[in-house]
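User: Could we go through this structure together? I would like to know what to look at.

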Amino acid sequence: MAEKVIIIGSGPAAWTAAIYAARAALEPLVFEGAITEENRLAGTLPLGQLALTTEVENYPGFPAGDLRGYLETALPPETLAMLPPHEAHGVTGPILMELMRQQAKNFGTRVITEDIVEVDFQRHPFQLRASDGKTYESLAVIVATGARANYLGLPSEERFKNRGVSACAVCDGALPRFRNQPLVVVGGGDSAVEEATYLTKFASKVYMVHRRDQLRASKIMAERAMKNPKIELLWNRVLEEVLGDDQRGVTGVRLASTVGQAPLELEAAGVFLAIGHTPNTKFLQGQVELTEKGYIRWTTPFRTHTSLEGVFAAGDVADDYYRQAVTAAGSGCMAALDAERWLAAKGFH
Ligand code: NAP
């Protein structure tokens with residue numbers, strides 16, 4: 001028998017959609033993604049981008065405090081044992097995700113730790129093939145597979161992730177390790193300018209490293225970067241290596257020149273990559289309309305409907321603009337309500 005709703009993904013959008021769908025008696029089935037080396041390298045393991053971060057200080061409801069007692073009662077001991085040590089400074093990304101997942105399960109959500117690798121949305125009930133080789137059927141689908149930040153792929157970048165290397169200034173910029181320190185932002189688009197500008201609130205100085213001699217960012221944003229006395233633009237440079245050690249994390253960068261100049265070494269406590277994101281939409285194989293940038297297109301203003309009736313999208317897979325845990329969670333809630341109403345209108349529920 002077909003499921004009422006299948007949710008694909010396991011970030012804040014997916015779990016919030018599951019919580020709402022479960023409470024609406026839709027008995028959601030979540031495909032949270034498979035735990036594979038391929039997914040680890042791509043940054044698409046279960047629990048999404050938040051599982052790759054450390055402290056989360058801007059998710060409402062989680063002020064700084066000691067959550068230990070609560071976690072011990074809320075999570076199974078084997079899950080708790082796998083989480084990073086919890087210090088008394090609010091919630092971390094991995095813990096927030098485990099709590100959301102558990103909350104969804106508490107309301108009866110079923111979770112399968114596999115990827116959806118192929119879909120057939122031309123047939124209804126929709127057909128979804130999972131990485132376990134099985135095919136599942138569903139009357140409605142919520143796609144919440146998120147996006148992954150692009151990295152350059154340097155081994156040193158990988159080594160210092162969460163210890164000075166980040167792809168999200170808004171998430172990590174206010175951490176103590178970056179306060180009053182020189183920081184590096186890589187990229188020349190609007191995100192890079194926005195991240196650099198944001199980081200000037202905390203940093204002693206921000207170097208923007210761009211591979212060309214002209215920013216891609218819009219004029220107004222580019223001017224903002226150039227006028228900011230704390231931002232120094234380094235043109236025609238690419239990040240060659242992140243420097244650091246196991247004890248301190250990032251201590252600097254080595255930059256190569258794209259125009260034949262000598263390499264440049266700089267002291268820095270952090271490196272922020274702002275070279276774009278890639279939404280996780282490959283498995284859709286073009287069956288749902290995407291924007292020019294490859295994100296799922298929301299076809300109705302303030303709704304999570306996609307170009308296909310019965311298929312809804314939530315979170316970063318459809319949003320290249322806000323990209324916050326709380327906005328993803330909000331749109332996950334919207335997708336569950338949209339799916340429920342659609343199923344009811346069709347007489348399925
Ligand atoms: P983007 O516009 O695609 O810019 C990516 C930047 O990263 C480019 O400068 C690019 O260099 C550089 N880059 C890409 N791959 C690289 C590599 N391998 N090595 C070195 N540099 C590399 O991405 P974005 O800045 O994230 O912006 C995405 C979209 O969101 C844009 O449409 C943007 O306007 C929008 N946005 C708007 C705002 C705002 O209005 N407040 C804020 C953020 C984002 P090249 O220039 O040489 O290609």
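User: Let us begin with helix α9. What covers its buried residues?

Analyst: Please bear in mind that this is a predicted model. The cover over the buried residues of α9 includes helix α8 (190-199) and the strands β12 (205-209) and β13 (231-234).

User: And which residues of α9 are buried?

Analyst: In α9, which spans residues 219-227, the buried residues are Met221, Ala222 and Ala225. Viewed down the axis of α9, they fall within an arc of 100°, so they line one face of the helix.

User: Which residues are on the other side?

Analyst: On that side of α9, Lys219, Ile220, Met226 and Lys227 are exposed.

User: Now the ligand, please. Which residues come nearest to it?

Analyst: There are 16 residues around the ligand, and those that come nearest are Asp190, Ser191, Arg211, Arg212 and Arg216. Helix α8 gives the most to this shell, with 3 residues.

User: How many of the shell residues are nonpolar, polar or charged?

Analyst: The shell around the ligand divides into 4 nonpolar, 6 polar and 6 charged residues.

User: What about the distances from particular side chains to the ligand?

Analyst: A polar side-chain atom of Arg212 lies 2.7 Å from an oxygen atom of the ligand. For Lys293, an N or O atom of the side chain is 3.0 Å from a ligand oxygen atom. In the case of Glu194, a side-chain N or O atom is 3.0 Å from a nitrogen atom of the ligand.

User: And how much of the ligand does the protein cover?

Analyst: On its own, the ligand has 910 Å² of accessible area, and the protein covers 72% of this.

User: Changing topic: which peptide bond is cis?

Analyst: The bond from His124 to Pro125 is cis, with omega near 0°. Pro125 has its place in the loop between β6 (116-120) and β7 (126-130).

User: What is there to say about backbone angles in other loops?

Analyst: Glu27 has a phi near 45°, which is a positive value in a residue other than glycine. This glutamate lies in the loop between α1 (12-23) and β2 (29-31). Asn180, also a residue other than glycine, has a positive phi near 55°. Its loop runs between α7 (169-172) and β11 (182-186).

User: Is Asn180 buried or exposed?

Analyst: The relative accessibility of Asn180 is 61%. A residue counts as exposed over 50%, so Asn180 is exposed.

Definitions and conventions
Residues are numbered from 1 along each chain as its sequence is written. This is a predicted model: local features need pLDDT of at least 70, side-chain atom pairs count only at pLDDT 80 or more; totals for chains, interfaces and linings use all residues. Side-chain values use heavy atoms; hydrogens and water are left out. Buried means under 20% relative accessible area, exposed over 50%, partly exposed in between (1.4 Å probe, protein chains only). Helices (H or I, at least four residues) and strands (E, at least two) are DSSP runs, numbered from the N terminus. The arc is that of the directions from the helix axis to the C-beta atoms. Contact means heavy atoms within 4.5 Å. A residue is near a molecule or strand if one of its heavy atoms lies within 4 Å of it. A polar contact is a pair of N or O atoms within 3.5 Å; within protein, one must be able to donate a hydrogen and the other to accept it, and residues adjacent in sequence count only if both atoms are side-chain atoms. Accessible areas come from the Shrake-Rupley method with a 1.4 Å probe; for residues, only the protein chains shown count as cover. Ala, Val, Leu, Ile, Met, Phe, Trp, Tyr, Cys and Pro count as nonpolar, Asp, Glu, Lys and Arg as charged, and the others, Gly among them, as polar.
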